[in-house]
Amino acid sequence: MKCSELQVGKKAKIKKIDLDEKKQMKLFHLGVIPGEDIICKFKSPFHTPIAYQIKGCVFAIREEDAALIEVEHEK
Amino acid sequence: MYSLIYQSPEEEVASDFVFLEKYDLAIVVADATNLERSMEIILEVLDVTDHVIVCLNLIDEARKRNILVDPQELMEKLQVPVIATSVKEKIGLQELIETMNKEYIWHPKEITHSPKIERYCNYMLPKLSTSKKGVAIKLLLDDKLEKKYELSSETQKILRFYRKYLTKMEIKESYHDYAKTINKDVIERKKEQEKREDKIWNTLFSNRWTSFPLMLLLLFGILWLTIYFSNIPSEFLFEFFQSLETPIYNLLSFLPSSLLDPLIYGGYRTLYWVVSVMLPPMLIFFPLFSLLEDYGLLPRIAFNLDAPFAKCGSCGKQSLTMCMGLGCNAVGVTGTRIMESKKMRLLSILTNVFMPCNGRFPAMIAIIGMFFVQNNTFLGSIYSALILSIIILGGILLTFLITKILSKVILKKEEPLFILELPSFRRPKILKTIYFAWKEKALHVLVRAIIVSFPAGLFIYFLANVSIEHISLLNYLQNFLEPFGQCLGLDGAIILAFILGFPANEIVIPMLLMIYSGGTMLVEYTSLESLKQIFLINGWTILTAVNFLILSLCHFPCATTMLTIKKETKSFGYTFLAFLLPTCLGILLAFLVNLLF
C-alpha cells in the first residue's frame, strides 16, 4: 500500500522507498527508513501535505512524495 | 542539526568545525523527546573526538509524554558523561557545569561500523596515524581534511576508489544501525501520551472548516491588539515629546537660530513623530508575534498554505518568510534561507515586500484612523484592524499572483522535496519572550528609524529653507513631481515623501507633514487626530488615502532590505527587479484606481 493512502490515525510499517538518493537521505534523518513504524497524524485541508509521525518526530511531506513510500499494515 | 554527514549548509559548517577546528570539549545537546534522531550525531561526534559530554535536554517534557530515557544506561553504552537537563525547569544545569570542569580520563566506546566501512577504516587509519574512524570517514565526504595529512599517491588512489564505492547513504546507515542497538536499551516509549494541546490545535488546524478562519482570526487578533493598545501610549509619547520642545529650545538658545531651528523643527520633530507613532505598535506587535512563533504555530501555517503555494511554483515555507516580513522585510529576505530550492528562495525574496513591515503598517494605521474610522474607540479599533487585515490579505493575494507569474518566467527545473517539521506546541516563557522581542527586534528597528529620521528631518528643513529666486528647493522638487503624483491620484509631496522614505519607511508620514508645512512642521496640533486637518487642507480625499495605502503596500523596499536582497541574491539584476517590480505594480494600481473612481 502507498503511504499516502494510509488513513489518519492508522499505523503501518515502511517497506520500500522509491525516491532518488538525495531525497531518501533527507527522509532518513526523519526516520523514514524501511522497517520503521509510521503513523498518519493529520492532513491539510487540501489533502496535501500530510503529517506523519515516526518515533518522536512529527513532519509533513507532500502527497506525491508519500505515494512513493511503500508501507504495510501491522498484522 | 542531525548529522555531520552533512546535507545542508549549516550541517556542513558544523561538520567542518568538529573535524577541522581545535576545541577542549564537545557538548552534544540532544532532544530527549526524540533521542532516536539525535543518537546518530552523538555517535558521529564520538567517532571524531574523545572529549564529549551528552546533554539530554527537555527531559521533563519527555517524562510528561511517557518517553522513558535512561541516562545511566546511555552512559554505560557510550562511556562518556551523560546529563539529563531541562533548561525550563532548571534541572541538571549545575551538574553540567560541574562535569565540564571535572578532569576526566576520556575513553569512550568505539563504534562498530558496517563491514565495508570497517575494512576501509582498517586500511586508512594507520595512514592517518589516528584511531578515530570518524576522521577516515570525513575524508570520504570532502577534501577539506586531505590537506592536513600528506597522503601518498597510492593512498590517494585508494581514497578516490572508496569515495565512489562508499555512498553517503551507506555511511549514514552504518551509524544508524549502531544507534539502533543503543536506542533499544536506552529509550522506552510507553503508550505515548499526545499532549492535549497538540491534539486540539492539530485538529483545528487541519480541519477544512476551521483552519482558515482560525488563521485569519490570528492575523486580525494580532493587528487589533496592536492598534487598540498602542493608541494611548502613542498620544502620551507625542504630548510628552512635544512638551519638551520649548524647554529644549530654550536650553540650547545660546546656539544661533540658523542652527537651532533646523535641529529642533527639522530633526527633533521628525524624530519624535517617528518614535511616538512607531514605538508603541512595535512594542506590542513584536512580542505577540514572538509568542506565537515560540509556541509553534508558524509551522502549522506553512503546512496549511503549502498546497496553494505549490500551485504557484513555491512551497509553504514561503508563508514563514512572509510572516517574518510583517515584522521587517530585511529579516524576511534573510529568512528565505530556510528554503532549500534556489528558485523558491528567489520567488520569496522578490515578493517579500508585499508584506507591509512594521515600518509601514503603523503609518497605514494612522491614515486609516484619519480617513476611514476613528481608531481611539473600541469599535473603531476593530474596524481599523479589519481594514488593515484586508490590506494585508491584498498583499498576500499579490504575493501569490506575482509568485505564480515569476515562477513561469524564472526557468529553473527543480523538484525539491518538501519536508516540514511540526514540533509539538510548547508554552513559551512569556516575560522572557517579551523581553527578547523588545531587545532584539523592536529596539533594533527603532534605532535604525531614529538614525535615519534625524538627518532626514534636517535635510528636509534645508530643502525648505534654501531658495533660488524666492522658491525653495523643496517647492521645485514638489512641483516637478506634481504631474506624476496627479496621475496616481496623489500629489507631488506624497511622491517626494515616498522617495525620501527610502532609507526607512517609518519616516514617510513625518516627511509628508514637513513638506506640507513648508519644512517647519510649524502646525499647531494637539493630538494625532488633528493631523487630518493638514491633509485636508492639502486636498486629500478618501481617494487620496486609498491610493496612499496602495502605494504604501506596493513600492520599492527600503534601503536596508535592498542591501539584504543584494547580499542574498548576489545579483544586481534581481536586486533591481526587486526594486522595479513592486514600484511598477503600485504605480499601475494607483493609476487604475484613480482612473476608475
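This is a predicted model: local features need pLDDT of at least 70, side-chain atom pairs count only at pLDDT 80 or more; totals for chains, interfaces and linings use all residues.
Q: What does the radius of gyration say about chain A when it is set against a compact globule?
A: A compact globule of 75 residues would have a radius of gyration near 11 Å, and chain A, at 11 Å, agrees with that expectation. Along the principal axes, the C-alpha atoms of chain A fill a box of roughly 30 × 30 × 25 Å.

Q: Into which domains is chain B divided?
A: Chain B is divided into domain 1, covering 1-193, and domain 2, covering 211-596; the centres of these two domains of chain B, taken over C-alpha atoms, are separated by 46 Å.

Q: How should I read the packing of helix α17 and helix α24 of chain B?
A: In general, two packed helices are described by the angle between their axes and the distance between the axes. In chain B, the axes of helix α17 (residues 361-371) and helix α24 (residues 542-553) come within 10 Å and cross at roughly 165°. Angles over 145 degrees count as roughly antiparallel, and α17(B) and α24(B) are therefore roughly antiparallel to each other. The crossing of α17(B) and α24(B) is left-handed.

Q: Which residues make the contact between α17(B) and α24(B)?
A: From α17(B) the contact draws on B:A363, B:M364, B:I367 and B:F371, while α24(B) supplies B:I542, B:A545, B:F548, B:L549 and B:S552.

Note on methods:
Residues are numbered from 1 along each chain as its sequence is written. Chains are lettered from A and ligands numbered from 1 in the order in which they are written. Domain bounds come from an automatic or database domain assignment. Axes are lines fitted to C-alpha atoms, for helices over the stretch in contact, and angles run from 0 to 180 degrees between N-to-C directions. Helices (H or I, at least four residues) and strands (E, at least two) are DSSP runs, numbered from the N terminus. Angles under 35 degrees count as roughly parallel, over 145 as roughly antiparallel, 65 to 115 as roughly perpendicular and the rest as oblique. A crossing is left-handed if the near helix is turned anticlockwise from the far one by less than a right angle, and right-handed if clockwise. Two residues are in contact if their C-beta atoms, placed from the backbone, lie within 7 Å. The radius of gyration is taken over C-alpha atoms; the globule rule is 2.2 Å times the number of residues to the power 0.38.
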